[in-house]
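Please find below a colleague's note on the model shown here.

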2 protein chains.
Amino acid sequence: MLAEIITIGDEILIGQIVDTNSAWMAQALNAIGIRIKQISSVSDDRNHILNALKEAQERADIILITGGLGPTKDDITKKTLADYFGVDMVADEEALQNVIRIFAKYNRPLLEVNRQQAMVPANCEVLNNHNGTAPGMWFEHSGKIIVSMPGVPHEMMYMVEHQVIPKLKQAFKLPFIIHKTLLTVGEGESFLAERIADIEDSLPPYIKLAYLPKLGQVRLRLSGYAENEQSLQSEIDAFAAKLTERLGNIIAAADDIPLEKALMNRLEQQGQTVSVAESCTGGYLSHLFTQHSGSSATFLGGAVSYANELKQEILGVSAQTLAAYGAVSEQTATEMVRGALSKFKSDYSIAITGIAGPTGGTDNKPVGTVWIGVAGLGECVVRKFQFGNKRQQNIERAAISALGMLNTLLTAPKTEDK
Amino acid sequence: MLAEIITIGDEILIGQIVDTNSAWMAQALNAIGIRIKQISSVSDDRNHILNALKEAQERADIILITGGLGPTKDDITKKTLADYFGVDMVADEEALQNVIRIFAKYNRPLLEVNRQQAMVPANCEVLNNHNGTAPGMWFEHSGKIIVSMPGVPHEMMYMVEHQVIPKLKQAFKLPFIIHKTLLTVGEGESFLAERIADIEDSLPPYIKLAYLPKLGQVRLRLSGYAENEQSLQSEIDAFAAKLTERLGNIIAAADDIPLEKALMNRLEQQGQTVSVAESCTGGYLSHLFTQHSGSSATFLGGAVSYANELKQEILGVSAQTLAAYGAVSEQTATEMVRGALSKFKSDYSIAITGIAGPTGGTDNKPVGTVWIGVAGLGECVVRKFQFGNKRQQNIERAAISALGMLNTLLTAPKTEDK
């Protein structure tokens with residue numbers, strides 16, 4: 001079963017927003033065995049939308065459309081869909097009541113443009129929008145299913161989870177698609193490929209292996225396509241086991257989870273906690289941890305000690321150290337991580353101090369110089385990294401490198417075990 | 001001049017990664033007057049890539065392709081391009097030297113798969129990759145330009161900035177596209193539309209107005225297309241001035257900049273600083289500030305006081321308050337923001353404490369309950385918000401609401417001025 005995604009909106013094509021809806025919908029559909037053939041982003045332009053619909057309908061059985069359903073003049077998706085199907089626009093009573101209800105709830109006057117949101121093409125089945133005023137629309141046309149949804153992510157997500165997925169499951173007997181991902185840390189793509197070439201060569205044609213490199217990590221993804229779930233699952237598991245055996249301790253997780261989540265899972269199993277002292281990463285590492293539900297079980301929090309005064313005030317870094325060695329130094333990183341450990345009373349702490357750039361570098365400490373310390377249970381490791389000159393990238397690489405160091409500290413045999 | 005973007009990779013179509021490259025490339029091309037007609041994401045599949053190329057070439061003059069150039073077996077872009085153009089693969093000496101140089105730099109043995117990275121279709125002009133091993137490729141074919149680049153964002157970005165953009169400027173006489181964006185805060189899309197309907201109706205056909213709503217903000221974007229840069233710029237400016245006059249104080253910035261950046265600009269002009277005390281946002285607000293270069297001029301840092309102990313240790317919230325009212329309460333938010341102000345010695349502080357969810361809610365304090373305090377220069381405002389049940393969304397909405405409150409505090413007449 002093949003689907004396509006069409007996202008509509010000039011804001012995507014001028015790069016003002018990143019299309020995150022497509023990845024989310026792709027995951028949701030893959031999980032029920034529907035493969036995405038293509039994702040297309042097109043402008044708020046009638047002919048272009050019509051052409052995209054025509055092309056998608058030639059390739060796929062299901063088309064999910066988002067965007068262009070707002071109340072303003074640049075939103076033309078509904079009218080274009082009515083033209084595509086050759087039907088009139090009609091008022092939908094339930095959608096109108098939803099609009100009225102929402103405006104009443106927020107005690108706002110109902111404008112004519114808001115009433116227009118209840119107008120839909122005559123051949124659609126309305127999908128109620130529980131989080132906004134624009135209704136979703138479900139069409140069945142020439143044996144294909146076309147679904148139009150708002151572009152606001154949480155409105156679309158709720159609609160997909162609660163209405164679109166259940167209806168798709170009813171409409172089709174779906175095949176099975178299984179993905180299995182292993183997260184590896186600290187080894188490059190080509191080295192991995194060389195180490196597992198024979199396993200890769202032995203894969204049957206209906207199981208593919210993909211390498212997904214990102215910031216010092218490589219995800220290995222096995223994807224299988226079949227009619228029979230059971231044998232496919234065991235085959236995938238067997239190949240995953242072979243890969244795991246071969247790659248030993250560079251595997252940080254046997255699931256498609258982020259590195260920080262894998263570390264938190266491990267800490268939670270061990271009943272341990274972690275805190276942070278962030279300078280150049282400025283809260284990004286904390287955000288990585290706390291974006292995950294349940295993070296409070298292991299992540300205590302920490303300091304975003306951006307200014308030197310906060311390094312002293314919160315972490316107890318000495319003014320002398322800062323004056324003698326500077327904020328970006330082995331000594332400061334060491335005092336930061338030890339300060340976090342003692343002040344926040346966590347089992348492990350991570351400290352990061354560096355020059356994210358693009359300005360602020362010197363000859364001795366160019367942009368991209370980052371000192372990272374990890375400490376806990378009697379161990380303390382402080383390392384220097386030299387990244388590039390792109391700010392956002394330096395922030396991300398510093399955070400991931402710090403997580404990599406914590407992973408190593410957690411994996412390596414402890415002093416008392418040696 | 002029209003361009004299309006094709007991103008290649010199964011990881012996009014199963015939703016494992018979000019395609020951020022396209023938005024970045026779209027911005028870069030728009031800035032030099034090249035409009036993006038369509039963005040398509042396709043799988044690592046020969047026929048599908050060929051079909052996407054054919055369709056894109058029918059619509060556009062320029063095709064930018066990213067992805068599928070890695071050393072592993074699932075990366076088939078290069079071979080498919082050679083087939084598309086009907087040419088052989090040849091070794092490029094400069095690309096090979098680049099691969100050798102990079103492997104020597106990192107002191108790693110050169111594998112056969114790495115050598116393969118220097119093989120390119122015979123009709124291409126190689127674009128050197130300064131940040132990785134996979135060369136970019138520039139093709140001129142049937143009057144169209146096709147560029148294939150690595151999917152790793154920073155490799156692609158460097159290549160676009162330093163090689164593709166200059167070459168495109170040489171190849172075409174480009175028209176002008178001008179965007180002008182106004183950032184508004186605190187008013188819904190339809191109300192805005194109603195207030196400025198007459199201005200919108202008076203726009204000439206070559207200037208479009210788009211509404212881009214996001215989390216309590218609406219960006220108004222004027223886009224003009226013309227041959228003559230000068231008159232278009234002054235026309236756009238005139239319409240922007242009309243909109244600014246009409247919308248008065250809900251405009252937070254006259255540029256397409258994020259809200260936190262607009263606030264930091266304002267604080268910097270006033271020589272003032274800000275600090276934070278984050279609980280449920282867990283570092284996200286700090287990250288919003290510190291992702292911007294130059295943020296250290298106004299953002300001092302703060303506490304990610306996730307655990308109650310850290311609220312006490314870092315911010316001086318009293319154990320009594322926490323016991324009597326709980327961590328998510330007006331009282332705790334007030335003590336957090338006052339604590340941040342006095343400990344971190346900033347002019348303004350922001351405190352956020354709430355239940356991000358999806359678990360942890362109670363009848364009295366359901367998931368999505370968030371208390372936000374902003375304080376500074378003798379003022380202190382603490383407000384309760386009730387968001388939904390999606391964690392990431394609650395984190396983002398809490399952070400943006402906090403910024404909105406700071407914006408109001410900065411905009412409102414001060415007590416002493418009244």
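1. Ile14(B), Gln16(B) and Phe191(B) supply 8% of the area that chain B buries against chain A, more than any other three residues.

2. This is a predicted model, in which local features need pLDDT of at least 70 and side-chain atom pairs count only at pLDDT 80 or more, while totals for chains, interfaces and linings use all residues. Residues are numbered from 1 along each chain as its sequence is written, chains are lettered from A in the order in which they are written, and side-chain values use heavy atoms, with hydrogens and water left out.

3. Each chain brings 94 residues to the contact (heavy atoms within 4.5 Å).

4. Six salt bridges are counted between chain B and chain A (a side-chain nitrogen of Lys or Arg within 4 Å of a carboxyl oxygen of Asp or Glu). One of them links Asp10(B) to Lys208(A), at 3.0 Å from N to O. Strand β2 (residues 35–42) of chain B gives the largest share of the side of chain B that touches chain A, seven residues; strands are DSSP runs (E, at least two residues), numbered from the N terminus.

5. Strand β2 (residues 35–42) of chain A runs antiparallel to β2(B), and five bridges join them; two strands pair if DSSP finds at least two bridges between them. Ser41(A) has Ile39(B) as its bridge partner in β2(B).

Technical notes:
Buried area is the accessible area (1.4 Å probe) that two parts lose on being put together, summed over both. Helices (H or I, at least four residues) and strands (E, at least two) are DSSP runs, numbered from the N terminus.
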